[in-house]
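Here is a short briefing on selected local features. Please keep the sequence and the 3D view open while reading.

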Amino acid sequence: MDDWKRFACSILVLVLSGIGVVFALNYVVDPYDMNGKFQLGLDKEGISQPMNYRLFSLARFSRDPKVKIIFGDSRALGLREDYFQAAGADNWRNMGIGGGTLYEEIESFYFALSKVGLKRAVFVIPFNLYNDNQRHDEVPDSINVVQNPGKYYINGFVARVSLLILYSKISGRRLEIGKPTMSKDEFWDYQLGPNMTGNFYSQWSYPRDLLNKLTEAKEVCDKRGIEMTIVLPPTHVDLQGKTKDYGLEKAYSEYKKNLSCIANVIDFDFPNDLTRNRDLFIDPYHSTPPVGKLIVSQILGRDSSYGRRYSCRRGTLLSGGVPLPVHKNVTDRVGDCAATLTAMRPRPPVRKN
Amino acid sequence: MMVNYAVGSCLLRKGAGKPFEPFRKWILFFGVAFNVSLLCYFKYMNFFIENLNTLLGTDFNLASIILPLGVSFFTFAQITFVTDCYRMTIVQCNLLDYCTFSLFFPYVVSGPITRYGEIVPQLRASERRPVDWKNVSQGLYLLAIGLFKKIVLADSLAVWVANGFDKAAHLNFFEAWASSLCYTMQLYYDFSGYSDMAIGSALMLGISLPINFNSPYKSMNIQEFWRRWHISLSRFLRDYIYIPLGGSRRGEIGTYGNIFVTFLLAGLWHGSGWNFVIWGSLHACGLMVQRAWNKIGVVRLPRIVAWLITFNFINVCWVFFRAQTIGSAVRILRSMFFVNSIPLPAFLVQKFGFLHRTFIIAVKNPFKAIDGSYEMALILALSFPLILFFKNAHEAALDLRPTRVAICFIAVVILFSALEMGRLTQFLYVQF
């Protein structure tokens with residue numbers, strides 16, 4: 001064998017061996033449960049989800065599609081599937097994407113639509129995503145991986161996640177991925193600071209393209225008999241006030257009107273006892289689980305005490321919201337709601353979900 | 001393909017009476033017009049309708065046309081074929097050879113734009129030749145470098161480019177420069193990477209394709225740039241548009257006119273939009289200015305000044321090439337060249353804030369709007385020495401020796417690039 005032949009063959013052998021090792025690793029560990037062949041008792045979800053919300057969400061949906069879906073960012077992730085199950089509402093799937101954008105919500109919607117005949121689509125749209133400059137969209141990349149097993153098994157990123165899962169298992173350590181090292185107060189201030197709010201608000205731009213895409217999605221829903229709802233998740237009043245700091249008050253009120261022209265809106269994002277209560281928020285953007293349960297109950301139509309509902313006619317306020325019912329404090333009210341949800345579990349759903 | 005083959009066969013028909021001899025020019029005209037009209041239909045129909053609607057206030061619906069893969073490159077290859085048949089630089093042609101030439105997979109999508117006479121003799125020769133392992137090794141090397149350029153470098157830069165050009169209206173001085181430079185590098189890595197892969201994979205099959213990029217950003221003037229950038233296109237423009245138009249034989253004014261028309265068409269060939277027309281026109285103007293400068297011969301610029309002017313000119317032109325609209329290109333250029341888009345640190349804002357409150361803002365990260373990171377700065381910083389002081393992939397492939405280090409290097413580069421192919425950006429969202 002001449003030198004060049006040996007040279008070329010050695011390269012091919014090395015490359016193929018490397019690819020084989022990565023393939024075997026990803027196939028056996030299978031961090032996003034694409035094949036489900038090996039049950040090794042690994043903590044996959046705790047690592048693979050925060051490592052890539054998009055791939056996690058899409059892979060899970062492909063494996064086990066449902067007909068009622070929540071789309072959104074990390075705020076949507078707070079509307080957990082077990083809250084729906086606890087309320088006796090089955091067939092719900094949460095396709096929230098931590099750090100996601102509205103483009104990604106819409107992209108995920110069409111992906112879901114291509115897989116199953118949907119019955120309900122709930123879009124969680126906070127004001128910071130209602131922004132033409134929030135264009136980040138990695139969902140097509142993830143769809144590409146989900147639909148091409150070769151790209152999943154021969155994938156450096158998936159291999160890194162597999163190794164992290166194995167490391168977690170071998171070392172016995174629970175990896176805290178993406179969790180901030182700051183205290184709650186420090187983190188609260190950071191989230192309200194110019195780094196975070198500036199990122200969303202200083203470059204706010206009217207989302208004409210997004211509104212068109214949402215309108216198209218609504219038309220698709222109407223044609224296929226899918227009930228589309230938009231939820232404006234609660235943010236703390238500290239954050240709501242930032243719209244004034246950035247001169248976006250008009251844009252903020254139009255956000256609600258414009259979205260209500262597209263579909264039915266349930267609005268939680270206005271000053272009230274709930275959004276004034278810091279204990280009900282993890283940070284100014286994210287509410288706590290009891291609030292998540294409250295929102296779930298309102299999506300299911302079991303409760304209408306906090307969310308304002310807008311009609312499809314130019315943002316007319318239909319019900320709910322202000323003035324708020326008087327309670328000792330909102331935590332109790334939310335606690336009541338959670339208890340109600342739990343109590344309702346054995347009963348069949350009383351309304352169309 | 002069948003029409004082009006028929007046209008080519010008619011033009012090459014020899015023997016008894018040469019039946020098509022009196023009509024050769026018309027047959028060529030038909031062949032070129034046929035290819036150009038197909039290209040116009042697929043690529044420019046909606047551009048035409050849009051402009052017609054704007055100009056006349058009409059409301060014609062846009063056609064739902066699916067652009068065939070590689071239509072621009074394919075069309076130019078076909079035009080070279082029928083023209084070479086007319087010029088009789090092709091001696092004979094059979095259907096199998098023609099189909100192989102037209103559909104040879106390494107270049108069918110994005111070039112290099114080849115000529116029948118370059119490919120078919122090699123195909124014939126390769127039938128009888130044993131596998132040349134040196135070619136295979138050099139091909140593997142080019143493939144590895146091309147993969148790395150495309151998947152690791154270009155695709156990394158693409159994220160910041162997309163962020164920058166999507167937020168054109170809101171970029172500060174640093175972000176605008178970073179976006180344009182990232183795009184300048186991305187385009188080079190992307191396209192030259194593709195070309196390296198095409199040339200490498202053809203070489204593994206024993207076919208040598210013409211080199212397409214020869215360290216273009218080392219150019220000291222715009223003419224040199226076009227001799228180094230997308231060489232197969234430059235060659236096509238020269239041999240099939242500029243020279244047939246009269247080249248430099250029509251006097252000074254005629255030459256300038258020919259340069260302008262050639263580059264205007266080059267701009268349009270790249271895409272159907274006014275920004276491509278502007279890009280082509282700018283390059284034409286650059287070439288005309290350089291020609292006039294050389295004629296006058298006043299001053300010979302120092303090399304560093306010549307490089308700086310050339311590189312920045314190319315960089316500015318790429319902004320028009322990439323931007324979605326002319327307006328957003330202008331906005332990016334305004335941020336690049338207007339001093340009031342420079343962000344100041346907080347303590348200076350207090351002193352100079354009166355200058356312009358909107359633009360002078362305090363920021364910690366000057367690349368925030370494009371999500372710029374250290375990785376971006378590192379890739380950009382390494383790109384300059386890489387493109388200026390190192391051998392390009394083809395020069396390095398010629399120097400390749402069958403050593404263990406080379407084996408490991410190529411294997412690692414291919415493996416790393418292959419694993420990044422299904423790229424998923426790691427996003428560690430902060431949860432409390």
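The side chain of B:Arg235 comes to 3.3 Å from the backbone oxygen of B:Ile113. This is a predicted model. The points below cover that arginine, two further residues and one helix pair.

**B:Arg235**
- B:Arg235 belongs to helix 10 of chain B, which spans residues 231-245.
- Its relative accessibility is 17%, so B:Arg235 counts as buried; the cut-off for buried is under 20%.
- Beyond residues up to four places away in sequence, B:Arg235 touches B:Ile113, B:Thr114, B:Arg115, B:Glu118 and B:Pro210.

**B:Gln186**
- B:Gln186 sits in helix 8 of chain B, residues 173-204.
- B:Gln186 counts as buried because its relative accessibility is 13%.
- B:Leu153 is 33 residues away from B:Gln186 in sequence, yet their C-alpha atoms are 7.2 Å apart.
- Neighbours within four places in sequence aside, B:Gln186 is in contact with B:Ala154, B:Leu157, B:Ala158 and B:Val161.

**A:Ser48**
- Helix 2 of chain A, residues 45-51, holds A:Ser48.
- With a relative accessibility of 0%, A:Ser48 counts as buried.
- A polar atom of the A:Ser48 side chain lies 3.2 Å from the backbone oxygen of A:Pro31.
- A:Pro31 is also among the contacts of A:Ser48, along with A:Tyr32, A:Phe56 and A:Val161, once neighbours within four places in sequence are set aside.

**Helix 6 and helix 12 of chain A**
- Two packed helices are described by the angle between their axes and the distance between the axes.
- The axes of helix 6 (residues 102-115) and helix 12 (residues 208-224) of chain A come within 10 Å and cross at roughly 25°.
- Helix 6 and helix 12 of chain A are therefore roughly parallel to each other, as angles under 35 degrees count as roughly parallel.
- The crossing of helix 6 and helix 12 of chain A is left-handed.
- Helix 6 of chain A contributes A:Leu102, A:Tyr103, A:Ile106, A:Phe109, A:Tyr110 and A:Leu113 to the contact.
- Helix 12 of chain A contributes A:Asp209, A:Leu210, A:Lys213, A:Leu214, A:Glu216, A:Ala217, A:Val220, A:Cys221 and A:Arg224.
- By class, this contact between helix 6 and helix 12 of chain A has eleven nonpolar, no polar and four charged residues.

Key
Residues numbered from 1 in each chain as written. Chains lettered and ligands numbered in written order. Predicted model: local features only at pLDDT ≥ 70, side-chain atom pairs only at ≥ 80, totals over all residues. Heavy atoms only, no water. Helix = DSSP H or I, 4+ residues; strand = E, 2+ residues; numbered from the N terminus. Buried < 20%, exposed > 50% of the residue type's maximum accessible area, 1.4 Å probe, protein only. Polar contact = N/O pair within 3.5 Å; in protein donor to acceptor, adjacent residues only side chain to side chain. Contact = heavy atoms within 4.5 Å. Axes fitted to C-alpha atoms, helices over the stretch in contact; angles between N-to-C directions. Parallel < 35°, antiparallel > 145°, perpendicular 65-115°, else oblique. Left-handed = near helix turned anticlockwise from the far one by under 90°. Nonpolar A, V, L, I, M, F, W, Y, C, P; charged D, E, K, R; others polar.
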